[in-house]
Amino acid sequence: MRKIVITTERLTLKEMNHDHVRDLLEIFSDPEAMTYYPSTKNIQETSEWVDWTISNYKKYGVGLWIVEDKKSGEFLGQCGIVPQEVEGSLVMEIGYLFARRAWGHGYATEAALACKHFGFEQMNLPKIVSLPDVKNIPSIKVAERIGMKVEKKIHKWGKDVFVYSVSRSSLEKNQCE
Ligand SMILES: CC(C)(COP(=O)(O)OP(=O)(O)OC[C@H]1O[C@@H](n2cnc3c(N)ncnc32)[C@H](O)[C@@H]1OP(=O)(O)O)[C@@H](O)C(=O)NCCC(=O)NCCS
């Protein structure tokens, strides 16, 4: 039984398991979707990705979740809260990777916004980040649409990435104004 973690107007976010390898391969075998990753992934590497995600669920209670169309159950992509190391500190990142056919519908923004609320309201996180490649404009736009602001540029995963972030205190402050 797959655990539903979040539902939004159009989407369901569910825990990932090895039954999703075939769906995930649609993203991981697509060179265009993987432009900002070191390479595409094969079935074995995709299975290892699922293992890593399940280990995040166990250790942190969160990880990437499978995103489906709420009405049809169609697989659209993955989005969730992922632990990352930034300059020696552990931070929680909202990550999103969608199948190319699902781009341009606002699904990534809708899922990422729901993850932001989950992080602040269910996990009490003080701050959430996103770490887009400096050239990944669609990813940067998602971070900006969910209210993140660029903090700095760092070198991570062998490339330049922006640290986008939003803090809970900034949201609380906005609510008081
Ligand atoms: C990053 C990624 C998820 C962004 O996908 P996306 O489709 O551009 O983002 P969204 O789902 O939020 O859709 C936003 C677009 O849909 C449009 N849109 C259409 N219908 C919409 C609706 N009903 N509601 C909201 N937006 C809608 C928006 O105008 C926007 O288009 P624009 O960027 O041309 O202005 C996608 O490019 C991807 O999966 N890339 C590969 C993996 C990757 O690089 N991930 C990031 C790693 S850091």
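1. Start with the hairpin. Strands S7 and S8 form it, with two residues between them. Trp157 sits in the turn and has a positive phi of about 55°. Strands here are DSSP runs of E with at least two residues, helices are runs of H or I with at least four, and both are numbered from the N terminus.

2. A word on the basis. This is a predicted model, where local features need pLDDT of at least 70, side-chain atom pairs count only at pLDDT 80 or more, and totals for chains, interfaces and linings use all residues. Residues are numbered from 1 along each chain as its sequence is written, and side-chain values use heavy atoms, without hydrogens and water.

3. Now the pairing of S8. S7 (residues 149–156) and S8 pair in the antiparallel sense over seven bridges. Two strands pair if DSSP finds at least two bridges between them. Lys156 has Lys159 as its bridge partner in S8. S8 (residues 159–167) also pairs with S6 (residues 127–130), again antiparallel, over four bridges. Here Ile128 is partnered by Val166 of S8.

4. Look at the polar contacts, which are pairs of N or O atoms within 3.5 Å. A ligand nitrogen lies 2.8 Å from a polar backbone atom of Tyr96. A ligand oxygen is 3.0 Å from a backbone N or O atom of Tyr107. An oxygen of the ligand is also 3.3 Å from a side-chain N or O atom of Arg145. Taken alone, the ligand exposes 960 Å², and the protein buries 69% of that. Accessible areas use the Shrake-Rupley method with a 1.4 Å probe.

Definitions and conventions:
Polar contact = N/O pair within 3.5 Å; in protein donor to acceptor, adjacent residues only side chain to side chain.
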